[in-house]
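Reader: Could you walk me through this model, with the cut-offs spelled out as you go?
Author: Gladly; here it is.

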Amino acid sequence: MLPNQSFVNWFRDSSPYIHAHRNKTFVINFGGEALLDPDFDHLVHDFALLKSLGIRLVLVHGIRPQIDERLKRLDAPALFHNNLRITSDLALQCVKEAAGTARVEIEALLSLGLANTPMAGYGLRVASGNFVTAKPIGVIDGVDYGHTGEVRRIDGTAIAQQLDQDAIVLISPIGYSPSGEVFNLSAEQVATQVAIALKAEKLILLTEQSFCDPDSGKQIQQMTTLEACAFLQQHPGLPMIVSLPLKAAIHCSNAGVDRVHLIDRTTDGALLLELFTRNGVGTLISATPFEELRPATLNDIGGILELIKPLEQHGILAKRSREKIEMEIADYIIIERDGLIIGCTALHRDEQSQSGVIACLAVHTDYQGASRGNRLLEYAYGMAKRMGLKKIYALSTQTMHWFIERGFSQSDLPSLPDSLKSLYNPQRNSKILCKSID
């Protein structure tokens, strides 16, 4: 494939996500480690690109390493208990200094508009403020956490007003009490509570490593909140760098945020790859499955037609009109992945003969090889069994061996029930396969 064509294909594939994300609210959390990275400006440029595409953006940054560095200079220990910092008077001064410096550095990069940068000619407004009301954690298990606090309330209305005025909102992990006290907060907790208060479409947690299964070492691409909770129980020894973002994702998803993404920020362009490609590069946490097998509806007709069009052009599937699919939509089953239909089949049944025909079995070329065809066939077989059918047939020109490997045997046209013979096109000369239902 020519380089130009690769770009065209990528741009076309990304366009549905550009449309879907426009005017949506995303809350992005990144740790203080990101600010120390020499390539942090690349990440900031990606933030600016998201904003230019019409995304309402809230950034919540961390400052843990910056606080530790300041304490080290003062020859003061960094004290923690149960993964929470114990914030003394001296530590609180370091928190204030670190937060102020970090905010200024981020704002400076977001203001960059030189001709040789990705942000050339694009003026960004950045808004910060006292959006977070906090309260002290107090004394737990005999340990006084000092000025460490937790979120009490997020002023979502004030944040939304800034977003409405086309600003990026930048929030530090600091909260204020009505009495004027300052508290050191967890950046993950602040980001989570902001996303919930804004009813954001996405919370994005930029992590320091990929989220992998400790047993296999393979990256986990998607989990429901129930699966994530079970995962934490099965792996109680997970390092904090993994467990804290996962717990935040579970809490946020259970509170109504549709999608929470855990993305390894050390991969250049990971944010863009996750948001604008089909498979992404991170881990998605959601209350419902990211990929779902379900009965089709009228709203799915366009996606089904788009899926089967290449197969029809190559003669693998018989051509079907929109009107025909619309009339038979109750027979169709689909696999939907993040709004994209990647697989389908249909079960046309004849109650009089207690028979059915499996038709239009298709899986998107980018998602073949992962047993999705098996899932569709097994689902259709289960439907046929529940309907009380005794036999199911399949008509195939090029995939007959796939069906034979799954228990079908060759049959002939006379064996088809009369009501199903109308599905047979002699010009295609399809092979007829049959399987009895136990």
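Author: What follows goes through an aromatic group, a sheet, and a few helix residues.

Reader: Before that, what kind of model is it, and what was counted?
Author: This is a predicted model, in which local features need pLDDT of at least 70 and side-chain atom pairs count only at pLDDT 80 or more, while totals for chains, interfaces and linings use all residues. Residues are numbered from 1 along each chain as its sequence is written, and side-chain values use heavy atoms, with hydrogens and water left out.

Reader: OK, aromatics first: how many aromatic pairs are there?
Author: The count comes to 5 aromatic pairs, where rings of Phe, Tyr and Trp (its six-membered ring) pair if their centres lie within 6.5 Å, and planes under 30 degrees apart count as stacked, over 60 as edge-to-face and the rest as tilted. One of them joins F30 and F40, whose ring centres are 5.8 Å apart with planes at 45 degrees, so that pair is tilted.

Reader: Which elements do F30 and F40 lie in?
Author: F30 lies in strand β1 (residues 25-30) and F40 in helix α3 (residues 40-52), so the pair ties together parts that are 10 residues apart in sequence. Helices (H or I, at least four residues) and strands (E, at least two) are DSSP runs, numbered from the N terminus.

Reader: And are F30 and F40 buried or exposed?
Author: F30 counts as buried at 0% relative accessibility, and F40 counts as buried at 6%. Buried means under 20% relative accessible area, exposed over 50%, and partly exposed in between, using a 1.4 Å probe and protein chains only.

Reader: What about F30 and F47?
Author: Their ring centres are 5.5 Å apart and their planes are at 35 degrees, so F30 and F47 make a tilted pair. With F30 in strand β1 and F47 in helix α3, that pair ties together parts that are 17 residues apart in sequence. F47 counts as buried, at 0% relative accessibility, and F30, F40 and F47 form one aromatic cluster.

Reader: Switching to charges, what sits over the ring of Y381?
Author: The charged end of K435 does, 4.8 Å from the ring centre; the criterion is that NZ of Lys or CZ of Arg is within 6 Å of the ring centre and within 35 degrees of the ring normal.

Reader: Now the sheet of 7 strands: what is its order?
Author: The sheet is open, with mixed pairing, and its order is β17-β18-β19-β20-β21-β23-β22. Its edge strands are β17 (291-295) and β22 (409-410), each pairing on one side only; two strands pair if DSSP finds at least two bridges between them.

Reader: How many bridges join β17 to β18?
Author: There are 5 bridges between β17 and strand β18 (residues 332-337), which run antiparallel, and E291 stands opposite R337 in β18.

Reader: And β20, what does it pair with?
Author: Strand β19 (residues 340-350) pairs with β20 in the antiparallel sense over 7 bridges, and R349 has G356 in β20 as its bridge partner. The hairpin of β19 and β20 has 4 residues between the strands, and there Q354 takes a positive phi near 55 degrees. Strand β21 (residues 391-396) runs parallel to β20 and is joined to it by 4 bridges, with S355 opposite K391 in β21.

Reader: How many residues of β20 are buried?
Author: Strand β20 (residues 355-363) is mostly covered, with 8 of its 9 residues buried.

Reader: What unit do β20, α13 and β21 make?
Author: Together with helix α13 (residues 372-386), β20 and β21 make a right-handed β-α-β unit, meaning that, with the strands pointing away from the viewer, the path from the first strand over the helix to the second runs clockwise.

Reader: Last topic, α7: which of its residues are buried?
Author: The buried residues of helix α7 are A187, V190, A191, T192, V194, A195 and L198. Q189 also lies in α7, but Q189 counts as partly exposed at 26% relative accessibility. Leaving aside neighbours within four places in sequence, Q189 is in contact with E150 and V151, contact meaning heavy atoms within 4.5 Å.

Reader: How far apart are Q189 and V60 in space?
Author: They are 9.9 Å apart, C-alpha to C-alpha, and 129 residues apart in sequence.
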